[in-house]
Amino acid sequence: MSISLKQIRYFVAAAESGRISRAAVELNVSQSAVTTAIQQLEVLVGAPLLERTPQGVRVTIEGGRFLPQAKQILSSVAEAIRSPHMSGEQITGQVRVGVTYTVSGYFLPPHLIRFNANYPGITLELFEAPRPVLEQAIVDGALDVAVMLVSNLEDREHIASEILERSPRRLWLAPSHPLTRNERVTLSDIEPHPYLMLTVDEAKITSMRYWTIAGLEPKVSFRTASVEAVRSMVAAGIGVTILSEMVYRPWSLDGQRIETRVIDEGVPSMDVGLAWKRETAFDAACTAFCNFMRYATASSGNLQQ
């Protein structure tokens, strides 16, 4: 396992805030995600970096030595994105980019803001559609590239892909739910409880795939294409769901808390990445967009997937 920028970023956030819970809110992820990342980082560096106390967390001696280096790493990556080799003032052109619903709503917007600032001469034409439509448009040459859930990609004979970010799937549940007593859960733990099934972006197909492999079946009480509907119902204690860290927020729209738990086995990550027609020669504008997405996601996520 390699040290990731995400692990470093989560450690810095926890060290500076003094609380795992506060760092999780600032990062818009679950407390378990922060805790797991820091524990992995401690294993990799071979030393405890944070000491748990009744008041929160405090930096250990080893953590105190590592913290300024960690902050320098994050600063260096951010500077690399702003550096002259990323400046696109001389590049002009147009890139036709396909996106799926989850990507356009929860992944792409902050990257678009920075891309437009770095490459004012490049126009991005965004086209949102379901995965099968995007795949056909790529093969037909109607799109230059797509940012999509490449974990669901089917036509791998004609379409090449590259993962930008792996987003682990977690159990979402209300703080009052009995499963919150467990730090980790299994699909068999989840099976007896009312389940909220998200259907957008083939979420139902993906979900049923790993439930079927496990020989289990969720007790689906409601199906919806709205992530926000699922979020609100989970927070209200109506049911539980399994969704990725990418779309997780600690609060529902009406301000109710949502917690997550790590699932021990059998649930794959949601992989977002680039997809394009094989043997396609990119022009300068499309090359700039793809390279920018690689740098941008490396700065906010894993250095190595």
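This report describes selected features of a predicted model.

Residues are numbered from 1 along each chain as its sequence is written. Local features need pLDDT of at least 70, side-chain atom pairs count only at pLDDT 80 or more, totals for chains, interfaces and linings use all residues, and side-chain values use heavy atoms, with hydrogens and water left out.

**The annotated span**

According to the UniProt record, an unreviewed entry, the annotation "domain: HTH lysR-type" covers residues 3-60. UniProt positions follow the numbering used here, feature names are shortened, and annotations may be inferred rather than shown by experiment. The span of residues 3-60 is 62% helix and 14% strand, and its end C-alpha atoms lie 19 Å apart. Helices (H or I, at least four residues) and strands (E, at least two) are DSSP runs, numbered from the N terminus.

A nonpolar surface patch is formed by Ile3, Leu44 and Val45, which together have about 180 Å² of accessible area. Like charges are joined within 9 Å, and nonpolar side chains (Val, Leu, Ile, Met, Phe, Trp, Tyr) within 5 Å. Accessible areas come from the Shrake-Rupley method with a 1.4 Å probe, and for residues only the protein chains shown count as cover. Val45 belongs to helix H3 (residues 31-45).

**The sheet**

Five strands make an open sheet in the order E4-E3-E5-E13-E6, with mixed pairing. Its edge strands, E4 (122-128) and E6 (159-167), each pair on one side only. From one strand to the next, the twist averages 25°; axes are lines fitted to C-alpha atoms, for helices over the stretch in contact, and angles run from 0 to 180 degrees between N-to-C directions. Two strands pair if DSSP finds at least two bridges between them. Strand E3 (residues 93-99) and strand E5 (residues 145-149) run parallel and are joined by three bridges. Gly98 stands opposite Ala146 in E5.

Asp201 has a positive phi although it is not a glycine, and so does Glu279.

Definitions and conventions
Patches are made of residues with over 30% relative accessible area and no salt bridge: like charges are joined within 9 Å, nonpolar side chains (Val, Leu, Ile, Met, Phe, Trp, Tyr) within 5 Å. A salt bridge is a side-chain nitrogen of Lys or Arg within 4 Å of a carboxyl oxygen of Asp or Glu.
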